[in-house]
Amino acid sequence: MKELSHKFSLLWLNYKKNKAIYWMALPVVLYFLVFKYLPMYGAIIAFKDYSVGKGIWGSDWVGLQHFRDFFQSYYFWRILKNTLLLSFYQLLFGFPAPILLALLLNELRHEIFKRTVQTISYIPHFISIVVICGMIVDFSSRDGLFNTIIGYFGGQSSALLSDPANFRTIYTASSIWQELGFSSIIYLAALSGINPELYDAANVDGASRLRQVWHITLPGIIPMIMILLILRIGGLMEIGFEKIILLYNPNVYDTADVISTFVYRKGISESAEFSYTTAVGLFQSVINFALLIGANRLSKVISNTKLF
Amino acid sequence: MTELLIHDTHSMGGREVMKRSWRKRLTIGICLMMSIAALGGCSGGNGSTGEAGGDGPTPISIWMSMNTNASITLKSMNEITAIKEWEKKTNTKIEFQHPAVGAETEQFNVMIASNQLPDAMFVNGDYAKLFNDGIIIRLNELIDEYAPNLKKILEENPEVAKQLKADNGDIYAIPHLRLGEYKTFGGTFIRQDWLDELKLEKPETLEEWETVLKAFKEKKGVAAPLLFGAPPKMTTMGPAAPTYLEAYGITNNTFMKDGKVVYGPIEPEYKEFLTMFHRWYQEGLIDPDFATNDQKTYDAKILSSQAGAFFTFIGGGVGRYLPALQETDPNANLTATQYPVLNKGDEPLFTGRSWEWSSSGVVLTNSNKHPEETVKALDYFFSEEGHMLKNFGVEGLTYTMKDDYPTYTDEILKNPDGLSVAQAMAKHFIANYPFVGEDDDRYNEQYYQLQQQKDAAVLFSKYSENTLKVGLPPTSLTTEESTEYSKIMSDIGTYRDEMFVKFVIGVEPIENFDKFVDQINKFNVKRAIEIQQAALDRYNAR
């Protein structure tokens with residue numbers, strides 16, 4: 001008890017010292033309270049048969065009925081597989097890409113060239129996802145840019161986005177293109193924190209550029225890589241839902257339909273199965289949570305870095 | 001990492017910056033602004049009730065999606081001339097709330113889920129479910145007392161009353177009615193100029209269709225001899241594909257076969273249809289991009305003469321396409337084709353005929369504080385005066401009486417601002433899309449200005465009575481039934497549409513049709529049919 005009051009008085013002292021900081025943090029705290037914590041209350045309709053008239057609290061309990069329905073649903077395996085595969089590809093190809101770019105940029109000595117490359121590579125990040133997807137859809141249409149190029153090499157033109165076989169490639173490649181430059185900034189920042197004396201010493205020892213990258217640069221940014229990896233794994237199931245909505249069509253549901261798009265369609269756009277889709281969304285969150293904890297543990301074991 | 005960040009901010013705070021009070025204030029000011037902006041986000045969206053000050057009438061808010069012909073010139077339906085006139089005549093103040101175009105279902109579902117309701121909503125929905133969920137109220141007593149005009153119509157037309165009333169006799173909607181001759185508004189149109197050029201007859205049977213489409217493909221070299229994919233909902237097969245499916249005497253949903261409810265896609269005829277459509281696809285007779293078409297690409301293909309035949313509406317479709325086509329090619333011509341059949345001399349069964357009650361209407365929500373006034377105001381449209389206002393607008397401005405026949409003025413037919421007939425109508429009154437009241441035949445007669453449109457209306461209506469034998473009437477389901485039914489059917493619908501595309505493209509060989517049927521049976525289509533059958537029996541017993 002005493003310790004608690006001690007803590008509070010420390011907090012109060014800290015507040016008095018850094019008032020503005022606390023005020024600055026307020027909107028963020030409010031944001032999380034209002035938009036992230038408060039809505040959690042609504043998640044209980046996953047265990048109820050939600051009827052608008054009876055309200056969230058007044059609706060009848062049905063236990064795990066909706067979860068059971070979902071696990072037995074025809075679409076369960078498909079959307080689970082798609083969600084995991086799309087995320088996995090994003091992780092496999094999308095995660096190392098910015099690290100690679102950062103390492104390459106780091107080796108550049110020509111400042112103006114470096115800056116130019118950097119700027120060009122992160123411009124796509126600032127374009128709205130709606131515009132990006134509009135471009136992708138346009139480029140992959142039957143008479144679009146990609147097909148013109150394919151035709152140039154003697155290929156047959158086809159509607160690329162109507163073929164389930166292409167969806168994952170288009171999705172992953174465009175994500176890498178869009179986020180490559182911007183994600184590399186954080187690595188570049190970490191790179192600049194490496195003590196230059198280490199390189200000088202390596203030079204004296206006669207280490208080649210590649211050796212230097214391997215023994216100095218990479219170990220220097222490993223903690224950053226691990227932290228970002230944990231975050232990525234935690235969000236593994238939370239695949240970019242807007243982007244899929246904007247890119248997919250019923251033809252490619254086979255490979256494109258993921259949990260979040262399924263929830264969107266069943267929940268509000270085609271039918272209004274509120275309870276069922278809440279259960280599906282909750283399932284996704286639980287898996288995410290488990291993955292996050294797992295990745296954090298793993299990272300602690302491997303590199304002694306952890307998030308919490 | 002977190003450690004690092006906190007440390008960082010500490011050192012920032014430790015700097016001398018904070019001593020300067022103006023900066024401190026500025027910071028706090030910005031923080032506050034940000035939090036206000038963040039919170040402001042929640043209250044947006046449903047901004048409705050701007051209280052009318054003083055003794056003005058209480059405002060009635062009506063949620064309704066806006067027709068595209070209206071949204072081209074107006075921001076809100078409040079600006080429609082007839083609505084302003086209506087407010088004056090009934091001494092009410094109407095406030096329309098419009099969902100964003102393309103997101104109507106989403107916004108409706110979100111509105112229902114959050115229970116933030118307007119006074120009234122114009123919907124085409126599951127009325128019994130809305131009522132049982134406590135969203136809307138029963139209107140029988142209100143109609144008896146405050147809607148004498150509607151009451152009279154229902155008494156004079158028992159068939160309409162039967163459609164409007166639920167199984168237990170409840171009425172939930174102030175309806176949109178079509179009591180006149182015109183009940184089919186769309187169908188397949190063909191490039192008559194190409195038929196003439198190739199010396200071909202207008203196709204009637206599927207065989208003739210194949211010949212014509214082949215000729216379009218080979219001699220005209222068009223990309224989409226038959227265009228479909230079909231707006232507005234891309235997730236369904238679209239109206240054009242069912243047209244050809246319906247030649248087999250079935251449709252892609254539940255319908256009536258000898259008085260019994262059946263589900264089309266599991267009937268053997270569906271396989272025959274898929275086989276034929278797959279062949280058409282392979283031979284390039286149908287649009288290769290049918291599955292990804294949207295309104296934009298659909299229009300583009302028609303207007304660039306890449307489509308030989310396509311489904312469209314007589315009024316809004318042909319009225320727009322034909323003049324635009326003729327601008328670039330004066331010889332271009334579109335004519336209506338009869339709903340196709342299998343054998344020469346057969347009569348088509350499905351003709352897209354709508355019921356007398358179009359299933360849409362205004363419902364009153366539980367948060368309506370003035371149900372009497374709302375019903376009274378809406379009943380105005382069923383009066384002689386209101387009927388004219390809805391269908392023809394304001395006398396002198398949009399129509400004049402010539403020999404007892406309300407004739408549209410040039411404001412409508414030759415709009416000085418260059419609006420099409422549909423758009424000019426939508427600016428002044430509500431005739432060419434569903435709204436409370438009764439459609440007038442004299443509106444349709446003039447809406448269809450071109451000879452091709454007039455012919456189409458006659459042709460499409462020729463067999464419209466046949467549809468009564470196969471079409472399901474507006475039945476109503478109980479809440480439990482409706483929940484179960486929509487759950488089954490939404491799974492089946494997604495599956496059916498996906499498989500349709502696969503079968504047509506050929507990703508799925510037609511030999512797997514039996515597996516397709518098995519899967520639909522696994523979804524428990526039997527139960528869905530049972531539910532519909534029970535509802536139909538109850539309907540017939542009304």
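Which strands of chain B does helix H15 (residues 314-328) lie across? In this predicted model, helix H15 of chain B lies across S5, strand S9 (307-313) and S10 of chain B, and its direction makes an angle of about 140 degrees with that of S9(B).

Chain B contains 25 helices and 14 strands, and of its 542 residues 42% are buried. Among contacts in chain B between residues at least 6 apart in sequence, 77% join residues at least 24 apart. The domain assignment divides chain B into domain 1 (59-182 + 358-439) and domain 2 (190-350 + 468-541), each of them written as two segments of the sequence. The centres of domain 1 of chain B and domain 2 of chain B, taken over C-alpha atoms, are separated by 30 Å, and the contact between them takes 14 residues from domain 1 of chain B and twelve residues from domain 2 of chain B. On the side of domain 1 of chain B that touches domain 2 of chain B, helix H6 (127-132) and helix H19 (421-428) of chain B each supply at least two residues, and the largest share of that side, four residues, comes from H6(B).

Four strands of chain B form an open sheet in the order S6-S9-S5-S10, with mixed pairing; its edge strands, each pairing on one side only, are strand S6 (224-227) and strand S10 (334-336) of chain B. From one strand to the next the twist averages 30 degrees. Strand S5 (residues 186-191) of chain B pairs with S10(B) in the antiparallel sense over three bridges, and B:Thr335 in S10(B) is the bridge partner of B:Ile190. In general, the strands of a sheet pair through backbone hydrogen bonds, either parallel or antiparallel.

Helix H11 (residues 206-220) of chain B has 15 residues and reaches 20 Å from its first C-alpha to its last, close to the 21 Å expected at 1.5 Å a residue. Within H11(B), the residues B:Trp209, B:Val212, B:Leu213, B:Phe216 and B:Lys217 are buried, and because these buried residues fall within an arc of 135 degrees when seen down the axis of H11(B), they line one face of the helix. An α-helix has 3.6 residues a turn, so residues three or four places apart point the same way. After H11(B) comes B:Gly221, whose phi is positive, near 60 degrees.

A positive phi also occurs at residues other than glycine in chain B. One of these is B:Ser305, where phi is near 60 degrees; B:Ser305 lies in the loop between helix H14 (295-303) and S9 of chain B, and it is partly exposed, with 17 other C-beta atoms within 10 Å. Another is B:Asp404, where phi is near 65 degrees, and which lies in the loop between strand S12 (399-402) and strand S13 (405-408) of chain B. With 5 C-beta neighbours inside 10 Å, B:Asp404 counts as exposed.

Chain B also holds an open sheet of six strands, in the order S2-S1-S3-S11-S4-S14 and with mixed pairing. The edge strands here are strand S2 (93-97) and strand S14 (437-438) of chain B, each of which pairs on one side only. Further inside the order, strand S4 (residues 174-177) and strand S11 (residues 357-364) of chain B run antiparallel and are joined by three bridges, with B:Pro175 standing opposite B:Gly361 in S11(B).

Chain A, finally, has a domain assignment of its own, which gives domain 1 (1-31) and domain 2 (74-303). The centres of domain 1 of chain A and domain 2 of chain A, taken over C-alpha atoms, are separated by 37 Å.

Definitions and conventions. Residues are numbered from 1 along each chain as its sequence is written. Chains are lettered from A and ligands numbered from 1 in the order in which they are written. This is a predicted model: local features need pLDDT of at least 70, side-chain atom pairs count only at pLDDT 80 or more; totals for chains, interfaces and linings use all residues. A residue is buried if 20 or more other C-beta atoms lie within 10 Å of its own, exposed if 12 or fewer, and partly exposed in between; C-beta atoms are placed from the backbone. Two residues are in contact if their C-beta atoms, placed from the backbone, lie within 7 Å. Two strands pair if DSSP finds at least two bridges between them. Axes are lines fitted to C-alpha atoms, for helices over the stretch in contact, and angles run from 0 to 180 degrees between N-to-C directions. Domain bounds come from an automatic or database domain assignment. The expected span of a helix is 1.5 Å times one less than its number of residues. The arc is that of the directions from the helix axis to the C-beta atoms.
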